[in-house]
Amino acid sequence: MGGYRKRSIWHALQPAPGPGLLAGLRGSFQDMADFESVRIGAAASDELYLCYLSTLVGSEHLLFSMEPASGSEDAALIERYVGTKYTEGDLPACVEALCRGGTVLCTAASAAGIVLETGDWQQRGVQQPQTENVIQGPMYAFNECYRTNVALLRQRMRTPKLKLWETSVGQVTPVRAGVFYMQGITDEGLVRRVQDQFSKIEIDGLQDTGELLRLLGGRSILLYPLAVTTERPDRLASSLLGGKLVIIMDGTPLAIVAPGAFADFWEAAEDRYLTPVIAIFLRMLRFMALIINLFLPGFYVAISSVNIDVNRLEISLAAAGSREGVPYPVLVEALLILFLLDCIVEAGVRLPRTISATVTMVGGVVLGQAIIQANIVSNLLVIVAATTALTNFIVVDYQMGLVQRVLKYFVLIGAGVLGILGLVVCFAVLVVFLSRLESFGVAYLTPAGPRARTYAGDILPRFKRRSRAPKGRAG
Amino acid sequence: MNDAALRLSSTQFFILILAVFGATSYFLYPYLVLHSTEGSYWMPILTGVLVGVLGAKTFSGLMALHPGLDAFAVLRRTLGLPGLLLFALPFAWHVWRAMVMIARAHAEIISMTILHATPLWALHCIVFVAMFLAAGGIASIVRAAAVFIVVGIPVTVGLTLLGFSDLDFTLHEPWDPGHLSFLDSRAFYSSSYVWVGFLYLSSCGQHARRPDRLWLPYTAAAACFLPVMFGTVYLPVLTFGPAFSKVLAFPFLTKMDSISHYWLIVENLTAVFISAAILFVILTLSLMMHSLVAALRAILPFLPARPAYAIVGIGTYVSALLIPSWDWIEKGVWLETPVRLYLLALPPLVLLLARLAKGRGARA
């Protein structure tokens, strides 16, 4: 932040003469109660105005002198401007500046005005991550402010090789977006591809990176999220060092890490901070949870309704005994309990925290007990459903967890029709679907099979390791 | 994915070949081997391996004539349009027949063993899964293959190993090396469909870094799968005896059915085995479809890829439905044998002609 002496700043801030700016601003911001154009005095032969949106401007940027200084009359109006920069802009630039909290200094007759950066955005402070908690590792996360997020990432990666390309997205309400990449590590073809994708976006406005990701992903996005979104600067830093690029957007704490592979969604932030054996164990645990979550309800339906002979007789008899009195087919019974369970989970997520605990208790315990006693579902299926729900919460990425919740119904129906074979066919269909997906030009199933597409003849270095020789300290 | 610039590693070719072996060797193959000779079952198996490796070697030589091209383009460049037609037409015929047989055979096996009431038209729908995979290109096929192999091989090989638990070695036949009666047997030549998996790589020549070494992954896959093949033949023989094994339609599946251990939570291992093997079937069908579409597009260059895959997929599905019974499958495998052997013999002939032409050119 810099301050300028009144005389020197005033010589720099001479507005260009010409008609229309003030009238244009008043016309553009008509019927906006928080728009103010304040006459603050006279400049040379004309009146001088400050225009701003009072709800976005901070009071500490402009200091007015109560006592006019000696010398020229206008020099007494503003004692001091405290801000990072000032620019000159025409009507559209001034409108855009006002919308983001700037103040326009102009005369009644000028065609261009001086834009002062006086924005005072309301934002959360830098807090602990909301969705990616860790036991070991950095304990802060992004917030909704673009500048803060850029600063947080720059603080982690103190190198001029960390490049930032900026653009704005949205025709009606433009929002700032930035693409971070590491010079010499990230593939230039990938950067160009993302820049091209940005230039093709035609939308009125954007609210979140999830929306941006869909627009960047092209036609290939249907079900699976094609890139990891994270609010942790440390995770972004390690991804950048691994050759990926990071897209951040104003107004959301979640940044996109591109390209993304299916395996990336099962990597937690703290995996890199643990010993390799523990990290591998945890990742295997998550993959097992993925398999159980997708296939356990279907497996139950398959072995208790289609392939009854697959199981040992004792287990089949136990399953049949637990279903005694249940009037529905197993498939309907399973669909019913999974649907109820999803309702409980959704209610728990949407409600305020104080109420959600009660809802979970009522839904999970009371309803679960009652539903068994009423012979609507078997108690074995309740165990299966509870295990399925539990394993769904192990999924690291929220978007991937939602995909899992949808896909288990697909697998369930497959198992209901073809039994064990249906499970395998559903698995095959999912793998085939995944094998055809690409995230920003990179195979979604990487590292299985051919790794990456070629950009300008070079294979994209997706998993660049830090194989460079360690540099010795000079001296 | 930019398929033209795609390079596949030897491991990826190995995985593809492994999938072909997995799809073709468990069901009809033991039956054919058991009917090809009276005692020394290892001889038709080993002879088949050797013929397969020799075939793969000459096929690699053919591909190496013009590196960076697929087999159809190589033949066109070497022998002109007649050469292309001499290879692509019988190849397309063979692959289409093979796809129909594999799809129908597996649907029949599933219907006979685990899903008795499910209609065949529903079971044949795996053809469309394979079609969807094939339409994604060779990169998608290889990626899916990597996952399928990781899941399918441990299950199928593990279940095969379980079959070792209750063998009676007194039931074995003498290992007579002079027993060459299988060379007169129709069943032996019919079983050659297992060994021609390298032909399905016809459309992959341009993805190989060294086409002349394409036979190495084939040989490695054959060597790895050879013990399993011995198992598919010898496990039923050493469990039920040669005479009883011969009358079984699926000796190896029947062997699977007979496995029982108190610690196994799964009683019907056949269902698990067939379900896991379906992954190989899907992969093999997709690889075949990919090569068939490449052959069709080599003959008819104006044919667009997506409609070609749709035509091939729907054609295979309908043709498989039209087969009336299992007997027709056995007959079909035999009737298709001459074309298969012709395709095996063609690459060395082409190599010979190419060398003659080169020698004549050098003299001129």
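This is a predicted model: local features need pLDDT of at least 70, side-chain atom pairs count only at pLDDT 80 or more; totals for chains, interfaces and linings use all residues.
Which residues in helix 10 of chain A meet helix 12 of chain A?

**Entry 1: two helices**

I found A:E333, A:A334, A:I337, A:L338, A:L341 and A:V345 on the helix 10 side. Across from them, helix 12 of chain A brings A:L381, A:V382, A:A385 and A:A389. I sorted the residues of this contact by class and got nine nonpolar, one charged and no polar.

Next I looked up how the pair is arranged. Helix 10 spans residues 330–350 of chain A and helix 12 spans residues 379–392. Their axes lie 10 Å apart, and the packing angle is about 40 degrees. The crossing of the two is right-handed.

**Entry 2: a hairpin**

I then turned to strand 9 (residues 162–169) and strand 10 (residues 175–182) of chain A, which pair in the antiparallel sense over eight bridges. I picked A:W165 and traced its bridge partner in strand 10 to A:V179. The two strands of chain A form a hairpin, with five residues between them. In the turn I spotted A:G170, with a positive phi of about 110 degrees.

**Entry 3: where the chains touch**

Last, I checked the contact between chains A and B. Chain A gives 26 residues to it and chain B gives 34. On the chain A side, helix 13 (residues 398–436) gives the most, with twelve residues. That side of chain A has 15 nonpolar, six polar and five charged residues.

Methods: Residues are numbered from 1 along each chain as its sequence is written. Chains are lettered from A and ligands numbered from 1 in the order in which they are written. Two residues are in contact if their C-beta atoms, placed from the backbone, lie within 7 Å. Helices (H or I, at least four residues) and strands (E, at least two) are DSSP runs, numbered from the N terminus. Ala, Val, Leu, Ile, Met, Phe, Trp, Tyr, Cys and Pro count as nonpolar, Asp, Glu, Lys and Arg as charged, and the others, Gly among them, as polar. Two strands pair if DSSP finds at least two bridges between them. Axes are lines fitted to C-alpha atoms, for helices over the stretch in contact, and angles run from 0 to 180 degrees between N-to-C directions. A crossing is left-handed if the near helix is turned anticlockwise from the far one by less than a right angle, and right-handed if clockwise.
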